[in-house]
Amino acid sequence: MEILYAQRCLGCHGTSGRGDGPVTSALPVRVPDFHDTVKAKNVVQIRKVIKDGKGIMPAFSPALTNSEVQDMVRMVRVVSQQGREIAWWEKFEPLVWAHCSVPWEFVLGYDQPPQEKGP
Amino acid sequence: MKKIFVSSVVWVVALLVGALTLASSHEPKHPVAEKAAPRRQVQVPIKDFSLTDHTGTPFRFSSMRGKVVLVAFVYTTCPDVCPLITASMQSVQRSLNGRERESVRFLSITTDPEIDSPDILKSYAGRYEVDLSNWSFLTGDLKTLQPVWKAFGVKVERKARGLVNHTALTALIDGGGTMRFAYFGASPDPQKVLQDIRALLARP
């Protein structure tokens with residue numbers, strides 16, 4: 001349950017669900033605060049957002065089982081009520097940053113990438 | 001004397017506010033998402049390939065000849081970097097004038113064919129409210145996609161269902177099918193990409 005949140009939610013929603021995760025500074029939209037959204041929604045509504053996505057939030061239904069979606073619902077409710085301390089987050093660090101960080105494979109003959117030049 | 005006292009108080013308050021801000025900013029940092037994507041000038045011819053677009057229609061890369069093409073590698077359930085890349089491309093798309101739009105195409109190629117069917121790609125584009133008139137979201141089976149990823153220098157590692165670690169590449173292709181600019185990481189700077197697109201469009 002916690003791993004799911006760490007892997008798939010924390011980047012945007014943050015450790016306390018306030019929508020202040022590490023990715024948000026680069027996002028073109030404001031991430032809602034769970035204290036305004038999750039607290040005001042019932043389980044069915046929360047599940048729908050997780051499954052179908054909303055705006056640029058991914059739709060997780062193709063990737064997660066119903067049971068995992070249910071765990072995610074539970075976790076976002078916990079986070080919206082209690083938040084989490086940084087110590088909790090730290091144990092998941094390698095998992096959280098496992099995405100989209102593979103360096104360019106230099107299969108293209110660029111052992112040393114060329115320096116930036118004008119067009 | 002009064003002036004010095006007031007000035008000292010202002011400095012002390014400023015230092016306290018700064019210290020409190022630092023102490024409270026304990027949110028984790030993201031090593032990729034927080035940096036603007038570095039840009040490199042390259043010269044990599046891309047061979048023709050065939051994939052399937054978000055409508056289920058076959059797509060050939062060679063059909064893009066004569067157009068400047070902005071290509072990104074993303075997957076729809078990515079929770080951090082890919083949304084930034086797609087949002088950045090969308091910003092570029094919206095900044096093009098009418099004449100430029102005729103000569104520029106956008107491609108988002110999935111790094112997760114296990115999940116990203118044409119229908120799922122179509123929903124993804126819909127959530128972003130992307131203008132699909134010059135933007136295709138592409139998928140295929142793993143065997144078809146692997147050589148495409150490799151041609152662009154993109155490495156893909158499946159971590160779990162719907163969780164993929166991959167090279168965060170956005171590439172700009174000229175009208176002859178050669179990769180000319182590569183932007184690595186999240187948030188390619190839309191202004192720089194626009195500048196590069198316009199430079200390529202200006203060439204005979």
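Author: Welcome! Let us start with a term: two residues are in contact when their C-beta atoms, placed from the backbone, lie within 7 Å of each other. The model shown above is predicted.

Reader: Thanks! What share of the contacts in chain A between residues at least 6 apart in sequence join residues at least 24 apart?

Author: That share is 55%. Chain A itself has 6 helices and 0 strands, and its pattern along the sequence reads α-α-α-α-α-α. Buried residues account for 35% of its 119 residues.

Reader: Which residues is A:Val76 in contact with, leaving aside its neighbours within four places in sequence?

Author: A:Val76 is in contact with A:Cys9, A:Gly17, A:Phe34, A:Val38 and A:Ile46. A:Val76 is also among the residues with the most contacts inside the largest nonpolar core, which has 75 residues. Strand β4 (residues 68-74) of chain B gives the most to this core, with 7 residues.

Reader: What makes the meeting of α3(A) and α4(A), and how do their residues divide?

Author: On the α3(A) side are A:Val43, A:Ile46, A:Arg47, A:Ile50 and A:Lys51, and they meet A:Val69, A:Met72, A:Val73 and A:Val76 in α4(A). These residues divide into 7 nonpolar, no polar and 2 charged. The two axes come within 10 Å and cross at roughly 115°, and the crossing is right-handed.

Reader: Over to chain B. Why is B:Ser117 called neither buried nor exposed?

Author: Buried needs 20 or more other C-beta atoms within 10 Å, and exposed needs 12 or fewer. B:Ser117 has 17, so B:Ser117 is called partly exposed. B:Ser117 is found in the loop between β5 (104-110) and α4 (118-128) of chain B. From B:Ser117 to B:Thr55 is 9.7 Å, C-alpha to C-alpha, though they are 62 residues apart in sequence.

Reader: Which residues of α4(B) are buried, and how do you know where they lie around the axis?

Author: The buried ones are B:Ile120, B:Leu121, B:Tyr124 and B:Ala125. They cover an arc of only 140° around the axis, so they sit on the same side of α4(B). A helix has 3.6 residues a turn, so residues three or four places apart point the same way.

Reader: What covers that buried side, and which exposed residues does the face turned away from it carry?

Author: The cover includes β5 and β6 (135-139) of chain B. The face turned away carries the exposed residues B:Asp119 and B:Gly126. Just after α4(B), B:Glu129 takes a positive phi of about 55°.

Technical notes. Residues numbered from 1 in each chain as written. Chains lettered and ligands numbered in written order. Predicted model: local features only at pLDDT ≥ 70, side-chain atom pairs only at ≥ 80, totals over all residues. Axes fitted to C-alpha atoms, helices over the stretch in contact; angles between N-to-C directions. Helix = DSSP H or I, 4+ residues; strand = E, 2+ residues; numbered from the N terminus. Left-handed = near helix turned anticlockwise from the far one by under 90°. Nonpolar A, V, L, I, M, F, W, Y, C, P; charged D, E, K, R; others polar. Core = buried A, V, L, I, M, F, W, Y, C linked by C-beta atoms within 7 Å. Arc of directions from axis to C-beta.
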